Amino acid sequence: MSVEIRMAKGLRVHVDVPERVDVIGSTAREAVDALIVAHPSLQRFVLDDARRLRQHVNIYINNELIHDRRDLSDPVADGDQLHILPAVSGGARAIEYIQRGLI
Amino acid sequence: MTEAGLLVSTRKGLIIGRSSNERTDWEWSDLQRSGWIVDYSMFDARTGKIWCAANHWQWGPRLHYTSDWGETWNETGTPVFTDGERTVEAIWTVEPGAVDGSLYAGIMPAALFMSADDGETWEEVRSLTEHPYSKYWVPGAAGMMFHHISVDPGDPRRIIVGGSSTGVYASYDGGQTWAARNKGIRSDHLPPEMQEFAPCVHSLIAHPTQRGRLWQQTHFGQYRSDDDGQSWINVGNGLPGAFGFPTAIDPRNPDACYFVPHDSDQARMPYGASLAVYRTRDAGDTWERLSEGLPQSGFFQTVYRHALGQDGCDPLGLYFGSSGGELYGSIDAGDSWTLLREHLAPITAVRAWPLNGTDSD
């Protein structure tokens, strides 16, 4: 399955990657793995140490948020479009950081 | 000439300071690593690199360094857990080892990582994480992490670490084995029979020239040890209270130490909202309240655990920052203070070093 992955600008300011990359895969995991093979520096930005999707990163397949953030098992079909986007963060996380600093 | 470099880590980036005119004037960088939460930064005199432990809301923790005062930055390897379960949530500290190329990083969740190639690759020091007491480590609201690391400059095998909800651990074989160093430390958050297992260290410093001399501020007191933490002496008599975060020492005087006591773990600000640093020069027998030039009313801010540093110069320069983004400095060992910067983001860490004789001078 040929899938187009689109990377958000907020990601591309940190990693030198094109806005669009075509990869082959039948699940979100296979597509992301293929992307990381082509651009290894993306791994730490998109996935955590256990290769789960980072807490504040989202992947959409054809405008639908994926369901399996741990294994990325959501299927993809030929011609699908996959977006990697930073979640809107700061509120609850900010409180957490303030607590961290104070404790 | 006595000049210093200064790293002011904030929740919105790093400011690098460079003094002139005998530390009375400062040249400040623009905000470095803007958009990153800088949890800690330090200058490695061996390589001339400024290291920056940064974290990003979305993209996670990273280690960056600059060799040219922030003109250019490089991302190096980052500590990564390999067990498929844990993930590095934050890098709380990075410190030089005692041999060329060695670096140590303190991590949340509680772990120690070591690099032998100047940060290119990292490996978890599993012997610490697997210490028998680790099953008793229970995270507080801040999480659970090692945030202070001291490597004996004369013996790379001697490493002492301290962390929140974990305690103090010492290794004499380069990190192969660890001994808990928590006897006698008050831990009101633990049952009596568990006091030794997981005290809440807020800051811990080993004196670089007097082997065995340690100072620490915990959640519940201030302590000195003369035997590498095998025993601790409560030195809080003469201080206004037991709670606080940072510790600083004088590299030329092992009997000197600085704390910034705060009013309980509820208020978390100086007593009476009156800002002061406390100094001993007799190993904790007596304390001086140092407040000249500091706000003496209406100061409702916190001084965080890494936010007090010294520059190693003579006379000693001391610098500290607050949660309200105010930076204070003293070039007379704390006798008097000057407001150096204000309106910064919350200051997470302050570290300084003497410029004379370094590659960066």
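Q: Where in chain B does Pro109(B) lie?
A: Pro109(B) is in the loop between strand E9 (103-108) and strand E10 (111-115) of chain B. Strands (E, at least two residues) and helices (H or I, at least four) are DSSP runs, numbered from the N terminus. This is a predicted model, where local features need pLDDT of at least 70, side-chain atom pairs count only at pLDDT 80 or more, and totals for chains, interfaces and linings use all residues. Residues are numbered from 1 along each chain as its sequence is written, with chains lettered from A and ligands numbered from 1 in the order in which they are written.

Q: OK, and what kind of peptide bond joins Met108(B) and Pro109(B)?
A: A cis one, with omega about 0°. Most peptide bonds are trans.

Q: What about the bond that joins Asp314(B) and Pro315(B), cis or trans?
A: Also cis, with omega about 0°. Pro315(B) sits in the loop between strand E24 (308-310) and strand E25 (318-321) of chain B.

Q: Is Asp118(B) buried or exposed?
A: Asp118(B) counts as buried because it has 20 C-beta neighbours inside 10 Å. Buried means 20 or more other C-beta atoms within 10 Å of the residue's own, exposed means 12 or fewer, and partly exposed is in between, with C-beta atoms placed from the backbone.

Q: And where does Asp228(B) lie?
A: In the loop between strand E18 (222-225) and strand E19 (233-234) of chain B. Asp228(B) has a positive phi of about 60° although it is not a glycine. With 19 other C-beta atoms within 10 Å, Asp228(B) is partly exposed.

Q: New topic. Which residues touch the most other members in the largest nonpolar core?
A: Ile91(B), Val94(B), Ile107(B), Phe146(B) and Phe320(B), out of 91 residues. A nonpolar core here is a set of buried Ala, Val, Leu, Ile, Met, Phe, Trp, Tyr and Cys residues joined through C-beta atoms within 7 Å. A second, separate core has 21 residues, including Met7(A), Val32(A), Leu42(A) and Trp59(B).

Q: Last one: how many helices and strands in chain A?
A: Four helices and five strands. From the N terminus on, the elements run β-α-β-α-α-β-β-β-α. Of the 103 residues of chain A, 26% count as buried.
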